[in-house]
Amino acid sequence: MNLTIKESYNRPFEFIPQTVLWTIKHRDLEKNNDNLIGINSSIILNLTSLIESFNKELMISWIKNHLSESKTEPEIENDDLPNWDISMGEFLLERLTDELILEIESSEWNKQLKLFTKITNNEVKNIVEQETLNGMNQLFKYRNIITHGNKLSLVEWNYDNKTSERLEPNKFEAIFTFLKQQNLISGKLKDVKSNIFELTFSNEVVEYFIVVINKYLDQVKESFGISAEINKTLFELKI
């Protein structure tokens, strides 16, 4: 009995750009601030899904493309039989490649940064501009806070008529500081504490991250040498 297995698949990055643009179009008609916070939160989740999905397809396409280029005809010994050492080498290469692809498929952002180095022998910070990479890291900190349902607290201390304050969890205070550096938030915490969610999940913040993502996509695709011939969907991906 002959068994033939054929796989066809799609990844989320193929439909997410249109979903995000459709959501933004309808978001801009919304006036309720609570609804805007929820909509922008969902856009952030979609954006991070797009990037992790893109990274997986990028690495796997890059690996398969290089493997196809390196395939050679098996060496033939004097007795016209294949060199079994070469055959075992091909078996080991195929097995290690399968294991690497499984590792890629189960990866998330921080793991993917390490896999980029493992595969290309080059760190992402040498591939992507530092400003772009900083923005991407902040985006995924946002994602983690949303997906894990973390509370956002403003803690105030008053001692001898002096008041100090901070946001918790600490990573969110770092995000708040980052957004201020990008001129997306102005003022001190004490001046905006009643609108923390409204400010940090604003339309302007989402638009900023979309710009960062497009820069990331362009810089990574160029570094990996992705062309339409290698993977047309990856090559054309943009929000």
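Asn55 touches Trp109, Gln112, Phe116 and Tyr216, leaving aside residues up to four places away in sequence; a touch, or contact, means heavy atoms within 4.5 Å. Asn55 sits in helix H2, and helices here are DSSP runs (H or I, at least four residues) numbered from the N terminus. With a relative accessible area of 0%, Asn55 is buried (buried is under 20% relative accessible area, exposed over 50%, partly exposed in between, using a 1.4 Å probe and protein chains only).

This is a predicted model, where local features need pLDDT of at least 70, side-chain atom pairs count only at pLDDT 80 or more, and totals for chains, interfaces and linings use all residues. Residues are numbered from 1 along each chain as its sequence is written, and side-chain values use heavy atoms, with hydrogens and water left out.

**The core**

- The largest nonpolar core has 55 residues, and Ile51, Ile213 and Tyr216 have the most contacts inside it; such a core is a set of buried Ala, Val, Leu, Ile, Met, Phe, Trp, Tyr and Cys residues joined through side-chain atoms within 4.5 Å.
- Helices that each supply at least two residues of this core include H1 (16-27), H2 (33-70), H3 (84-105) and H9 (203-224).
- H2 gives the largest share of this core, 12 residues.
- Not counting residues up to four places away in sequence, Ile213 touches Leu47, Leu50, Ile51, Met136, Leu139 and Ile239.

**H1 against H9**

- The axes of H1 and H9 come within 13 Å and cross at roughly 155°; axes are lines fitted to C-alpha atoms, for helices over the stretch in contact, with angles from 0 to 180 degrees between N-to-C directions.
- That makes H1 roughly antiparallel to H9 (angles over 145 degrees count as roughly antiparallel, under 35 as roughly parallel, 65 to 115 as roughly perpendicular, the rest as oblique).
- On the H1 side, Val20, Ile24 and Arg27 meet Asn203, Val206, Glu207 and Ile210 of H9.
- The residues of this H1 and H9 contact split into four nonpolar, one polar and two charged; Ala, Val, Leu, Ile, Met, Phe, Trp, Tyr, Cys and Pro count as nonpolar, Asp, Glu, Lys and Arg as charged, and the others, Gly among them, as polar.

**Pro12, ahead of H1**

- Pro12 lies in the segment before H1, and counts as partly exposed at 30% relative accessibility.
- Pro12 touches Ser49 and Ser53, again not counting residues up to four places away in sequence.
- Pro12 and Phe54 are 42 residues apart in sequence, yet 8.3 Å apart in space, C-alpha to C-alpha.
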